[in-house]
Amino acid sequence: MSRIVQCRDCGEILNTEDVHADFSACTYCGSTNIDYRLSFTETLSLHDQVEGKVKVKGRKKPIREFISGDELFKVKKKWVFKHRIIDRENDRYFEKVVDKETDEVIHECDEPLSEHFGHGSAKFKKE
Ligand SMILES: [Zn+2]
């Protein structure tokens, strides 16, 4: 069983270092809209994904987008936990895909957003 503490406003996962820590406010955006979830990876077959966009008045594109939750990983035909943040304000692209059974990191990417999209073929799309 694992616990996920996540900000409902910006999608930041707050408890990656200390799984038992308590948070009164998001360390990233300061929001107090914090979501505590327990995930029972073995017994529960409920798959949950959170998606969000943070928009600012006068800006066409959202300054921050995130996806977080379970996703069916087609190549291995198994459920994985996926967390992706596109942060235009801080020029950051973060993506992490973890095998829920083994905790193995299948894919991890943390780089400037400008470089990520500079690769040419990389596009932000939902798989
Ligand atoms: Zn936040």
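# A walk through the predicted model

The accessible surface of the protein is about 8300 Å², and carbon and sulfur atoms account for 51% of that area. Keep in mind that this is a predicted model.

**Whole chain.** Show the cartoon and colour it by secondary structure. Now colour by burial. The protein has 127 residues, and 39% of them count as buried. For contacts between residues at least 6 apart in sequence, 33% join residues at least 24 apart.

**Stop 1: the largest nonpolar core.** Select V5, C7, C10, L14, A21, F23, C26 and I34. These eight residues form the largest nonpolar core. In soluble globular proteins, nonpolar side chains tend to be buried together. Centre on A21 next. Beyond its neighbours within four places in sequence, A21 touches R3 and V5. V5 is itself a member of the core.

**Stop 2: D87.** Select D87, in strand β5, which covers residues 78-87. Is D87 buried or exposed? D87 is buried, because its relative accessibility is 2%, below the 20% cut-off. Show side chains here. The D87 side chain makes a polar contact of 3.0 Å with the side chain of R64. Another polar contact, also listed at 3.0 Å, links the side chains of D87 and N90. Setting aside neighbours within four places in sequence, D87 is in contact with Y28, I63, R64, R92 and L113.

**Stop 3: R64 and Y28.** Stay with R64 and bring up Y28. R64 lies over the face of the Y28 ring, at 3.8 Å from the ring centre. Both residues are among the contacts of D87. If you go looking for aromatic pairs, expect none: the structure holds zero.

**Stop 4: E65.** Move along to E65, in strand β4, residues 64-73. E65 counts as buried because its relative accessible area is 7%, again under 20%. Which side chain does E65 meet in a polar contact? Select R88: the two side chains are joined by a polar contact of 3.0 Å.

**Stop 5: H47.** Go to the loop between β2 (34-39) and β3 (49-54), where H47 sits. H47 has a relative accessible area of 31%, so it is partly exposed. Then pick the C-alpha atoms of H47 and G69. They are 7.5 Å apart, although 22 residues separate H47 and G69 along the chain.

**Stop 6: two aspartates with positive phi.** Select D91, in the loop between β5 and β6 (92-99). Its phi is near 50°, a positive value in a residue that is not glycine. At 32% relative accessibility, D91 is partly exposed. Carry on to D103, in the loop between β6 and β7 (105-111). What is the phi of D103? It is about 65°, positive although D103 is not a glycine. D103 counts as exposed because its relative accessibility is 60%, over the 50% cut-off.

**Last view.** Show D87, R64, Y28 and N90 together. R64 makes a polar contact with D87 through its side chain and lies over the face of Y28. N90 meets the side chain of D87 through its own side chain.

Technical notes. Residues numbered from 1 in each chain as written. Predicted model: local features only at pLDDT ≥ 70, side-chain atom pairs only at ≥ 80, totals over all residues. Heavy atoms only, no water. Buried < 20%, exposed > 50% of the residue type's maximum accessible area, 1.4 Å probe, protein only. Contact = heavy atoms within 4.5 Å. Areas by Shrake-Rupley, 256 points an atom, 1.4 Å probe, with all protein chains shown as cover. Helix = DSSP H or I, 4+ residues; strand = E, 2+ residues; numbered from the N terminus. Phe/Tyr/Trp six-rings, centres within 6.5 Å; stacked < 30°, edge-to-face > 60°. Lys NZ or Arg CZ within 6 Å of the ring centre and 35° of its normal. Polar contact = N/O pair within 3.5 Å; in protein donor to acceptor, adjacent residues only side chain to side chain. Core = buried A, V, L, I, M, F, W, Y, C linked by side-chain atoms within 4.5 Å.
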